[in-house]
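User: Hi! I'm new to this one and would like a friendly walk through it. Can we take it step by step?

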Amino acid sequence: GMTVNGTNLGAGATIIGNNGYATNETFASRHGIHATATNHYQAQSLFVSHTASAVAYTVNVRVFNYGVALRYELTGATAKTVTAEATGFVLPAGSTVWFQGGASVYEGMFGSATISSLVTNATLGPPVTVQLAGTNVWVAISQANLGAFPNPYLIKTAAAPGRELQVAYPTNQDGSVGA
């Protein structure tokens with residue numbers, strides 16, 4: 001969820017519909033060592049209504065061969081100010097997390113800890129890499145196409161109990177997040 005115009009749109013929201021779609025395309029690469037790039041995914045647009053504020057929005061989820069992406073899409077002509085982020089990821093107990101402390105650069109020293117040994121409100125600079133407990137499965141939490149929301153990081157919360165990493169953004173002088 002996120003807080004828009006003073007309302008957390010994740011609390012009390014209802015999914016009112018969905019639309020599945022897929023993409024499988026190949027195109028000339030703009031970067032890298034390969035001449036072509038492939039964009040292949042399955043996706044769902046989840047249409048969400050926040051009844052108390054009468055705000056409707058879409059959560060677009062795309063599942064690729066090696067990753068998952070999500071994006072909130074706010075529509076309508078009404079001005080919207082995003083002042084907080086509430087998206088979180090709950091990790092299995094015993095998972096090991098690799099991260100850099102702080103959030104100001106992506107070139108810090110990385111360390112590791114189990115999710116339960118991290119103190120509440122610890123700041124984790126991305127990309128954060130996680131080995132899920134008891135498996136050989138690895139997850140990386142990062143960001144893309146930042147636009148008006150630069151420099152996100154993760155904060156370890158006390159939720160779930162003590163296994164949640166929540167997205168956070170630096171605040172502007174007026175208290176809002178983003179550009």
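Analyst: Happy to. One term to begin with: two strands pair if DSSP finds at least two bridges between them. Helices (H or I, at least four residues) and strands (E, at least two) are DSSP runs, numbered from the N terminus. With that in hand, five bridges join E9 to E11, and these two strands run antiparallel.

User: Which residue stands opposite Gln100 in E11?

Analyst: That is Gly125. E9 also has five bridges to E10, again antiparallel, and there Phe99 has Gly111 as its bridge partner.

User: Before we go on, what sort of model is this?

Analyst: This is a predicted model, where local features need pLDDT of at least 70 and side-chain atom pairs count only at pLDDT 80 or more, while totals for chains, interfaces and linings use all residues. Residues are numbered from 1 along each chain as its sequence is written, and side-chain values use heavy atoms, with hydrogens and water left out.

User: Thanks. How many helices and strands does the chain have?

Analyst: One helix and 14 strands. The C-alpha atoms fill a box of roughly 45 × 45 × 35 Å, taken along the principal axes.

User: And how much of the chain is buried?

Analyst: Of the 179 residues, 27% count as buried. Buried means under 20% relative accessible area, exposed means over 50%, and partly exposed is in between (1.4 Å probe, protein chains only).

User: Let's turn to the open sheet. What is the order of its four strands?

Analyst: The order is E3-E4-E5-E6, with antiparallel pairing. E3 and E6 (67-74) are the edge strands, each pairing on one side only. From one strand to the next, the twist averages 20 degrees; for such angles, axes are lines fitted to C-alpha atoms, for helices over the stretch in contact, and the angles run from 0 to 180 degrees between N-to-C directions.

User: What actually holds paired strands together, in general?

Analyst: Strands of a sheet pair through backbone hydrogen bonds, either parallel or antiparallel.

User: What does Ala54 do in the hairpin of E4 and E5?

Analyst: The hairpin has four residues between its strands, and Ala54 takes a positive phi near 60 degrees there. That is a positive value in a residue other than glycine.

User: Is Ala54 buried or exposed?

Analyst: Exposed, with a relative accessible area of 70%.

User: Where else is there a positive phi in a residue other than glycine?

Analyst: Asn121 has one, with phi near 75 degrees. Asn121 sits in the loop between E10 (110-114) and E11 and counts as exposed at 57% relative accessibility.

User: Switching topic: where is Tyr66 found?

Analyst: Tyr66 is in the loop between E5 and E6. At 83% relative accessibility, Tyr66 counts as exposed. Tyr66 and Tyr41 are 25 residues apart in sequence and 9.8 Å apart in space, C-alpha to C-alpha.

User: And Ser95, buried or exposed?

Analyst: Ser95 counts as buried, because its relative accessibility is 0%. You can find Ser95 in the loop between E8 (88-90) and E9 (96-101).

User: Which residues is Ser95 in contact with?

Analyst: Leaving aside neighbours within four places in sequence, Ser95 is in contact with Ala113, Thr114, Ile115, Val130, Gln131, Leu132 and Ala133. Contact means heavy atoms within 4.5 Å. Across the chain, residues 24 or more positions apart account for 47% of the contacts with a separation of 6 or more.
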